[in-house]
Amino acid sequence: MSVDGTIALKNLNNIYNSIHNFIALADKGNGSDIALKLRYLEASLEQLKDSIDSTSDIVGNENYQRAKIADLNRRIALKDGLINSFRNGQLALVDLANLSANNRNALPIHCMQCNCAILSPNIASFVDAKPFSLPFCRQTQNSTSISAEIINSWWQVERMFDFENIGFTHAHDGVKYLVCANCEDGPVGYLCPVTKAHFVAVCRVKQE
């Protein structure tokens with residue numbers, strides 16, 4: 001059954017508001033409110049899908065609506081990654097305002113310790129829900145084992161020459177780790193031995 005396109009647009013605006021509120025709650029770390037927002041988001045997404053499937057004509061500027069829906073899809077993908085990170089006990093540390101339209105870093109990325117520039121804007125792609133065990137920057141003295149944490153959110157860089165500054169460690173168990181080329185703090189990421197892509201942990205660097 002066909003419905004007026006304004007219903008789909010109304011659902012679209014509701015989801016925009018829901019995602020905005022969800023991210024605000026995630027930043028504050030309010031777990032109970034986040035759980036409620038998750039359920040509301042899931043219901044809203046289902047309503048939007050049903051509305052679009054049954055809509056024969058969307059009222060208004062078609063190009064504008066297409067762009068808005070494409071942007072919504074991007075934000076939904078980021079929301080899904082944020083949900084996965086939340087469920088794994090780690091919130092993504094990327095503000096949507098700091099991502100460009102093509103899901104890249106809109107701001108420069110720097111070392112947290114010495115503020116050395118690591119990446120220029122629009123170089124790295126934001127990747128979430130990609131768990132990898134990255135060793136802590138500080139290890140216990142005289143320990144025979146390496147302490148690590150599971151990190152889900154990354155800046156993905158395809159080529160070594162795309163970095164402003166980056167250093168590499170010797171391979172450990174077949175993996176080379178990334179460190180700041182200036183102060184050697186790290187690891188801030190790793191080099192995938194299979195794809196040869198570089199992954200910089202969002203929580204180990206800063207955007208400004």
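Two strands count as paired if DSSP finds at least two bridges between them. Strands (E, at least two residues) are DSSP runs, numbered from the N terminus. This is a predicted model, in which local features need pLDDT of at least 70 and side-chain atom pairs count only at pLDDT 80 or more, while totals for chains, interfaces and linings use all residues. Residues are numbered from 1 along each chain as its sequence is written, and side-chain values use heavy atoms, leaving out hydrogens and water.

**View 1. Three strands form an open sheet.**
The order is β2-β1-β11, and the pairing is antiparallel. Strand β1 (residues 109-111) meets β11 over three bridges. C111 has V205 of β11 as its bridge partner. β2 (117-119) and β11 (205-207) stand at the edges with a single partner strand each, so one side of each has no neighbour in the sheet. From one strand to the next, the twist averages 40°. That angle is taken between N-to-C directions, on a scale from 0 to 180 degrees, using lines fitted to C-alpha atoms.

**View 2. Strand β10 pairs with β6 and with β9.**
Four bridges link β10 to β6 (residues 154-157), antiparallel. W154 has A201 as its bridge partner in β10. Three bridges link β10 to β9 (residues 189-191), also antiparallel. Here G189 stands opposite V200. Six residues lie between β9 and β10 in their hairpin, where K196 takes a positive phi near 65°.
Which residues of β10 (residues 198-201) point the same way as H198? V200 does, while F199 and A201 point the other way. All four are buried, meaning under 20% relative accessible area with a 1.4 Å probe, protein chains only.

**View 3. D162 sits in the loop between β6 and β7 (167-168).**
Is D162 buried or exposed? D162 is buried, because its relative accessible area is 18%. Its side chain makes a polar contact of 2.8 Å with that of R159. Such a contact is a pair of N or O atoms within 3.5 Å; within protein, one must be able to donate a hydrogen and the other to accept it, and residues adjacent in sequence count only if both atoms are side-chain atoms. Leaving aside residues up to four places away in sequence, D162 touches L119, I123 and V157. Touching means heavy atoms within 4.5 Å.

**View 4. The largest nonpolar core has 18 residues.**
A nonpolar core is a set of buried Ala, Val, Leu, Ile, Met, Phe, Trp, Tyr and Cys residues joined through side-chain atoms within 4.5 Å. I118, L119, W155, F163 and V205 touch the most other members. β1, β2 and β6 each supply at least two residues. A second, separate core of eleven residues includes I151, V175, Y177 and A197.

Key. Buried < 20%, exposed > 50% of the residue type's maximum accessible area, 1.4 Å probe, protein only.
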